[in-house]
Amino acid sequence: MANESNKSPHILNTSTNLLGFCLIVLTSIKVAHFNQVTIIDDCTGIAAILLMGSCILSFLSMRSKQRRRSEKLEEAADYIFLLSLVCISVTIIFVSFNLLA
């Protein structure tokens, strides 16, 4: 059980890396001067916000002194991280198949 409850550092590390990826995508779209808002912008923006939430929750989970609170924060970070992966996957599908809308 001790190994299972130690996911927060992994969530934090991966979330911050993917957050950087999302920010690069958003910056690239702005630098390319796309005038229209696309689904890619929206999905990437949502993923970035979710990843920020996941980062904050996993950090708070690691810093919490109460075991029960730490587990709840870690579980919330885990689910939010999963949602962000779905958003990133949708973005990749749109980019791969040139489905800009």
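Which residues make a nonpolar surface patch of about 370 Å²? The patch is made by Ile56, Phe59, Leu60 and Met62.

## Basis of the model

This is a predicted model, in which local features need pLDDT of at least 70 and side-chain atom pairs count only at pLDDT 80 or more, while totals for chains, interfaces and linings use all residues. Residues are numbered from 1 along each chain as its sequence is written, and side-chain values use heavy atoms, with hydrogens and water left out.

## Overall architecture

The chain has three helices and zero strands, and its elements follow the order α-α-α from the N terminus. Helices (H or I, at least four residues) and strands (E, at least two) are DSSP runs, numbered from the N terminus. Helix H1 covers residues 8-31 and helix H3 residues 67-96, while helix H2 covers residues 39-63.

Of the 101 residues of the chain, 34% count as buried. Buried means under 20% relative accessible area, exposed over 50%, and partly exposed in between (1.4 Å probe, protein chains only).

## The nonpolar surface patch

Ile56, one of the residues of the patch, is placed in helix H2. With a relative accessible area of 52%, Ile56 is exposed. Patches are made of residues with over 30% relative accessible area and no salt bridge; like charges are joined within 9 Å, and nonpolar side chains (Val, Leu, Ile, Met, Phe, Trp, Tyr) within 5 Å. The accessible areas come from the Shrake-Rupley method with a 1.4 Å probe, and for residues only the protein chains shown count as cover.

## Salt bridges

The structure holds three salt bridges, each defined as a side-chain nitrogen of Lys or Arg within 4 Å of a carboxyl oxygen of Asp or Glu. One of them joins the side chains of Lys7 and Asp78, at 3.1 Å from N to O. Because Lys7 lies in the segment before H1 and Asp78 in helix H3, this pair ties together parts that are 71 residues apart in sequence. Lys7 is partly exposed, at 33% relative accessibility, and Asp78 is likewise partly exposed, at 27%.

Arg67, Arg68 and Glu71 are linked in a network of salt bridges. Between Arg67 and Glu71, the closest N and O atoms are 3.2 Å apart; these residues are four apart in helix H3 and are therefore separated by about one helical turn. Glu71 also meets the side chain of Arg68 in a salt bridge of 3.8 Å, N to O. Arg68 and Glu71 are three residues apart in helix H3, about one turn of the helix. As to accessibility, Arg67 is exposed at 60% and Arg68 is exposed at 56%, whereas Glu71 is partly exposed at 28%.

Rolling a probe the size of a water molecule over the atoms shows where empty space is left. The structure holds one cavity of 30 Å³ or more, and the largest cavity has about 30 Å³ of space. On a 1 Å grid over the protein atoms alone, a cavity is a set of points where a 1.4 Å probe fits but cannot get out, and lining residues have an atom within 4 Å of a point. Grid points are joined across faces, edges and corners, and a volume is the space filled by probe spheres set on the points.

The lining of the largest cavity consists of Phe21, Cys22, Val25, Thr44, Ile88 and Thr91. Helix H1 and helix H3 are the elements that give two or more residues to this lining, and H1 gives the most, with three residues. The lining residues divide into four nonpolar, two polar and no charged. In this grouping, Ala, Val, Leu, Ile, Met, Phe, Trp, Tyr, Cys and Pro count as nonpolar, Asp, Glu, Lys and Arg as charged, and the others, Gly among them, as polar.

Ala76 is found in helix H3 and counts as partly exposed, at 30% relative accessibility. Ala76 and Ser54 are 22 residues apart in sequence, and their C-alpha atoms are 7.7 Å apart in space.

Ala77 also lies in helix H3, but Ala77 is buried, with a relative accessible area of 0%. From Ala77 to Ser61 the separation is 16 residues in sequence and 8.6 Å in space, C-alpha to C-alpha.

Key:
1 Å grid on protein atoms, 1.4 Å probe; cavity = no way out; pocket = protein on both sides within 12 Å on 5 of 7 lines; lining within 4 Å.
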